[in-house]
Amino acid sequence: MQYRTLGNSGAVVSNYALGTMTFGAEASEETSHAILDSYLAAGGNFIDTADVYSAGTSEEIIGRWLAKHKDERDQVVIATKGRFPMGTSPNDVGTSRRHLTRALDNSLRRLGVEQIDLYQMHAWDPVTPIEETLRFLHDAVASGKIGYYGFSNFLGWQLTKAVHIAKAHGWNAPVTLQPQYSLLVREIESEIVPASLDAGIGLLPWSPLGGGWLSGKYKRDVPPTGATRLGENPTRGMEAWQERNDNPHTWEVIGAVESIAVAHDTGAAQVALAWLADRPAVTSVIIGARTTEQLADNLAAAQLELSEEETSRLTDVSQPRLGIYPYGPMAQVQRSRKLEGGR
């Protein structure tokens, strides 16, 4: 395991974070605690959850584990999120001061801690003025309820706007952003990655295996079955089976990943994770697991070093299909400049 600063903060986290969306849903409390034990034993120290994961149960499971591991509590960095509905009223959702006040207090209670190390806005709120959200987060840092804050699922302009408004008011600045990012989903490289690099924001990619596609578990034109997310629900979310299966690009990427995995005598998941962990601006890759075996399989990526040639091959084959403008090659040239000048 490698260690990196949490974005532009001084806190240090492992380059693979433990995502806990499975806790209380796909993993029982006993299994969840075993996963936490295994993760720490492997050198991990960064645990990510959210209030909406299993309607608060994920936070509660982590809280009970922390209560049994008081020494470890001082070693781990705890991240959670607020924004999505936790009730049925109009004020049970969003990033308003009213909702976040209650959401943060409830997360602190469920986790059983006095301070959350990283508190993240789970998505942009088009209703609440960003100034209201940022002032709440600044006050939460000042009060000691949170150590740092970040965002999730923000677009590039939303991130940049938040960064500069915080700076203009002298408020605490965000340190991280959680986007979806993988060899199959690289569109964030057009705007979000440059915005993050410009602001010194650390990226915490979620769904690094593309919903399981990059693990090698799915085969072309063979509908998934059994105890996998797509086996249980082939139309599930952004990684739905039919659309990705019908896209030749999907199988070009998977083919390259599997070929490199064979050369290293390792699994496809390790190759995909190792590539992502070394991308610009990435602080820590969020991995999830239903079992300790899945966790161990994913964490094996920490021991894998890809050659420059292998990295380039994966980067080239997974390039997103961009239009002519504003992100195509000719448009990129318009925004570049040679130091020596000339045409």
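View 1. Helices here are DSSP runs of H or I with at least four residues, strands are runs of E with at least two, and both are numbered from the N terminus. This is a predicted model, where local features need pLDDT of at least 70 and side-chain atom pairs count only at pLDDT 80 or more, while totals for chains, interfaces and linings use all residues. Residues are numbered from 1 along each chain as its sequence is written, and side-chain values use heavy atoms, with hydrogens and water left out.

**View 2. Strand S3, covered on both faces.** On one side of S3 (residues 16-19) sit Tyr16 and Leu18, on the other Ala17 and Gly19, and all of them are buried. S3 runs parallel to strand S10 (residues 285-287), joined by 3 bridges (strands pair if DSSP finds at least two bridges between them). Tyr16 has Val285 as its bridge partner in S10. With strand S4 (residues 46-48), S3 pairs in the parallel sense over 2 bridges, and Gly19 stands opposite Asp48. To get from S3 to S4, the chain passes through helix H1 (residues 29-41) in a right-handed β-α-β crossover (with the strands pointing away from the viewer, the path from the first strand over the helix to the second runs clockwise).

**View 3. Strand S6 and its parallel partners.** Have a look at S6 (residues 116-121): 6 of its 6 residues are buried, so the rest of the structure largely encloses this strand. S5 runs parallel to S6, with 4 bridges, and Lys81 stands opposite Gln120. Strand S7 (residues 146-152) is also parallel to S6, with 5 bridges; here Tyr119 is partnered with Tyr149. S6, helix H5 (residues 130-143) and S7 form a right-handed β-α-β unit.

View 4. Skipping neighbours within four places in sequence, Phe151 is in contact with residues including Gln120, Leu134, Pro174 and Leu177 (contact means heavy atoms within 4.5 Å).

Definitions and conventions
Buried means under 20% relative accessible area, exposed over 50%, partly exposed in between (1.4 Å probe, protein chains only).
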